[in-house]
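Good morning, everyone, and thank you for making time for this.

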Amino acid sequence: MSTHSYKKFEDSDSGALPDKMTVYQECLQAFNASPVQAKRCRLLLSRLLRLLYAGETFPRVEATNMFFSISKLFHHNDASLRQLVYLATKELCAISDDILMATASIMKDIQNGEIVYKPNAVRTLARVLDGTTIHAAERAMRNCVVDKNPNVSSAALVSSYHLLPVAKDVVKRWTNETQEAITSNKSFPDSQYSTHEHYGNNKLLSTTYTYQYHALGLLYQLRNHDKMALMKMIQQFDSQPLRSSLATVQLIRYVGQLIEEDGDLTQPLWRFFPVWLKNKSDMVELEAAKTILSLPKFTSDQQMQAIGTLQVLLSVPRTVTRFAAVRILNRIAMKNPQKIMVCNIELEGMINDSNRSVSTYAITTLLKTGNSENVDRLVKTISGFMDDISDEFKIIVIDAIRTLSLKFPEKHKSMLNFLNDVLRDEGGFVFKNAIIEAIFDISKFIPSSRELALEMLCEFIEDCEYTELAVRVLHLLGDEGPKTSNPTLYIRHIYNRVVLENSIVRSSAVIALSKFALIGDESITKSIKVLLERCLQDVDDEVRDRAALSLKLLSTKDIEQAKNFITPTFKYSLPILEQQLSLYVKSNDKSSFEYPFDIKTIPTMTEEEAKTAEFKEKTTVYDESSIHVDSSKKDKEEKLNESTKEAMLQQQYSHDFAAIPEIAAYGTLLHSSVAVELTEKETEFVVTAVKHIFENHVVIQYNIENTLTDIQLEDVSVVSLPEVDDYSEEFLMPIDVLKPQTKGSIYVSFTRPESIETSSFTNTLSYTSKDIDPSTGEPADEEEGFPDEYQIEDLSITPGDFIIPSFTGNFTLAWDDLDNEESAVFNLGDVPSGGLQEVVDRLIKTLSMMACESTDIVSASASHVLKLYGKSIHGEKIAAIIRLAASSKGIMMKNQVRSSDANLSELVANHIE
Amino acid sequence: MTFETSLYTIKSAIILDNEGKRLFAKYYKAPHSEVNDELLSSEKKQIAFESSLFKKTHKLNTDIILFENQIVVYREFADVIIYMTGDLNENETLLYNVLQGFIGALEIVLRNQLDKKSMQENYDLVVLAIDETVDDGIILETDPSVIASRVTKAPTEDVTNIKIDLSEKGFFNALNFAKKNISDRLQAL
């Protein structure tokens, strides 16, 4: 058998793998033979590697045997055999025991071996050694790092890098040598070891400076936590720029990392970027542009320089570079569409790019840059080539169109027409589904588009081959149809379905019909009843059941009760329901099944709240418009988590409070703020605070993290003094013991006045600190500790804590409906480095209101109008128009606030952080 | 956004034949750290990854795609496809440079014969070239000729003990030996 399969492998067209056992036997035999036959052994090793790289593996004993036999080959001095021996040793290290025994042979090669395989020896050494045995190799490694031969130096640097997780303190000892390697000039030895006839146009360079990349990478890890040392390292490249492109890319990342951690370094470090943006290598240019555009603190002028570089790269012949450039532009298109409009000509030229990913990115980027003036033209351009692209890419375009229409509600007509056209085209279910979703969203969030959209949907179901889509459309017609001016129109369309479709569609049509009966129009109700009675004769029992149920409900006296059943006004939060159900089902504790699942624990949302959440989710900037279907599913899940995280957190708070009887007595939690930082992130104790608003109380939750490793805190509490007398402290729940590197929460409760009052609280952290005995991890018994105080920042209760963001489809209408207008003008001082966008983001966050008409995106640098809408915890509506203007004198802000509650509008208008 | 400050750049290097079967596959993992990535530990996952990747790329020649949260750069030849993958935030051009360096080196050592047959026959050269390009995820070199120069050719034959040195130096040695012997003989006369 073995010879047979072995021969089969010899025929290299077959692609068959050599037989594992044969290779094993032959290897052992040949490697242990004397004298060693170099050519044959290299062939066998290559077969062995073929097996390993095809995914075959050996049991530990056999692998160790093999490892041992291979080490015999160190006796043969043929350089080409030795090189492959090292590769095989390296691969076997992971699956063999006793690998240390190879150390001596390897060390010998590192010291006196031929230059050909010396780098291989060094790299193999890193696999054989571990944290305890590295000391033996210290001297050799140091020498190799400073070796004049770039290959040897690189091999030593890379090996040191591999060893960092187990021996960082040892590797640290050659920091100076590493530093030296970055700046030194190394070149390949005159005779490179292997000559191949076929070099073609490739000239052998005297050096490639790649060792700079490795040295820089290692040095960064060694100095990782020392900002000053990193700055010093970066500064040395002022006078002596890096020669290797790889190293430069890496340096840009380190600079980016530094700037991300400390935004104030942005401008001091800017001086490097102009050179990088004009580098001869694409990858450096791309990395620099990407870094500038992903950090907030670069000025708009600097960002434009980066975009200018990308613009040039859009028209290079290299596909990958074009891809990278358009990908970066696509990412920023959502946030800063106006910035990349300069690239529109290039982007339009890329619509027909031979690489479909590139063309799709170009299209979606273009769509995102759309503004109210050019949207129509863009949509027209795109409909021109819709026929040429595959379903998969059409879906991406449809998604982009959907986002665009939510951004420009006034343009819904041309969008809907476009969607209607593509809806008529041939296409699979996923494609049609995407279109239907888009139409759904438009009709949901843009009230004025509703009738047009519903009309299109009616036409669509007349001739729809997908049951699932027909059912969804019918459901929407049932929900939205009764709200329109001419509901009878839809009744006809729906009843047609009852006559013509299969039973699933029929039953959902029945429910949709019954919703029309609740409008309150006698004649409609009467005719619906007639239609429903006909459905009682249906052949399918589900249809009959539903018709009977609807008729029964419609004939009850109490029409309100019927409404509760047929058109419920609230929805359950589905992600939380799903989570709770799966918790319930997966529970190991049998006794938990004694009680039925309690639906009341699931928070409900009114339709409006659901819309708010949905709108937020749909208009959020996605980092990566999923260009490939496979990962989009996963992405969506992640996004879902993101958007429900808030709801989950709220749920978590409620859950926690239920366990504290004192707080549970306060009733339901009305609103929780986001966590506010009361200390710097790097301090010994990191404190954040969350404000929880109850009917008559405010509970402040102080989250405290002890970041010290050797101090334990006991009896930790916060002395919190309100500025206003209206708040009075009720109780305080301290943390008894806060162990090193743990977190805990302190709750302080206040009664709050009936009306909404703002106040600030001065906070002092008080505690008793005890030193930890490192051997036990506990403080010594006799240790008494000493009491101490720690000043933390003030916390204010702001109007935003009483407001819940809320969605309105028509801001102007909502605004006109409200009165109690209050206005105020402020000078906010200098323009922050993030420009007006930073101010807007902050306002939305502190006021806890929802930005309407996509005014959360600042498009001009000098002025902006922000429109906000929300509801107070008591259900009072509030709307605000905030005008911002930036000038040399600072940012002027004019607030106009209207609310159904006069007190509220006054508070919000006059509130400034 | 997070910056990739690690040198571990290449997630995997894969060579498949024209039916999507593995010729070479190496999923890189830092040698001294624990990684919990299923793609690294489960061969089944890897095969599934490769076969769906193959379906997505075969005969498309688009050089780059985003696939299962990785960037994949690749080049297709007559009956093999060579892939390299990296993190989604990785610099695309950098990855492609690595791929090009490796392919360039293969062209040199395989004498421009980048096909399945020649790769299987010269498997030692292929794996050495890859080992000189990427070391467990860290890029070693991207210049094709430098990579190729590090790849040794197999010994030509197994002649035991008797070494005939045919280089110029060897010839001179032989000549000197002969000269010395002859002059010795002549002097002895």
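Chain B brings 68 residues to the contact, and chain A brings 73 residues. If you follow the side of chain B that touches chain A, the elements that give two or more residues to it are the strands β2 (22-27), β3 (64-67) and β7 (138-139), together with the helices α2 (43-57), α3 (92-109), α4 (116-121), α5 (123-133) and α6 (144-149), every one of them in chain B. The largest share of that side comes from α3(B), which supplies 8 residues.

Now please turn to chain A, where helix α2, residues 20-32, packs with helix α3, residues 38-53, at an angle of about 145°, their axes lying 10 Å apart. The crossing in which α2(A) passes α3(A) is left-handed. On the α2(A) side you will find K20(A), V23(A), E26(A), C27(A), A30(A) and F31(A), and these meet R40(A), C41(A), L44(A), R47(A), L48(A) and L51(A) in α3(A). Sorted by type, the residues of this helix contact comprise 8 nonpolar and 4 charged, with no polar ones.

Finally, a word on confidence. The model scores ipTM 0.84 and pTM 0.69, while chain B averages a pLDDT of 87, with 93% of its residues scoring at least 70. Where pLDDT is low, the predicted coordinates should not be read in detail.

Terms used:
Residues are numbered from 1 along each chain as its sequence is written. Chains are lettered from A and ligands numbered from 1 in the order in which they are written. This is a predicted model: local features need pLDDT of at least 70, side-chain atom pairs count only at pLDDT 80 or more; totals for chains, interfaces and linings use all residues. Two residues are in contact if their C-beta atoms, placed from the backbone, lie within 7 Å. Helices (H or I, at least four residues) and strands (E, at least two) are DSSP runs, numbered from the N terminus. Axes are lines fitted to C-alpha atoms, for helices over the stretch in contact, and angles run from 0 to 180 degrees between N-to-C directions. A crossing is left-handed if the near helix is turned anticlockwise from the far one by less than a right angle, and right-handed if clockwise. Ala, Val, Leu, Ile, Met, Phe, Trp, Tyr, Cys and Pro count as nonpolar, Asp, Glu, Lys and Arg as charged, and the others, Gly among them, as polar. pLDDT is the predictor's confidence in each residue, from 0 to 100.
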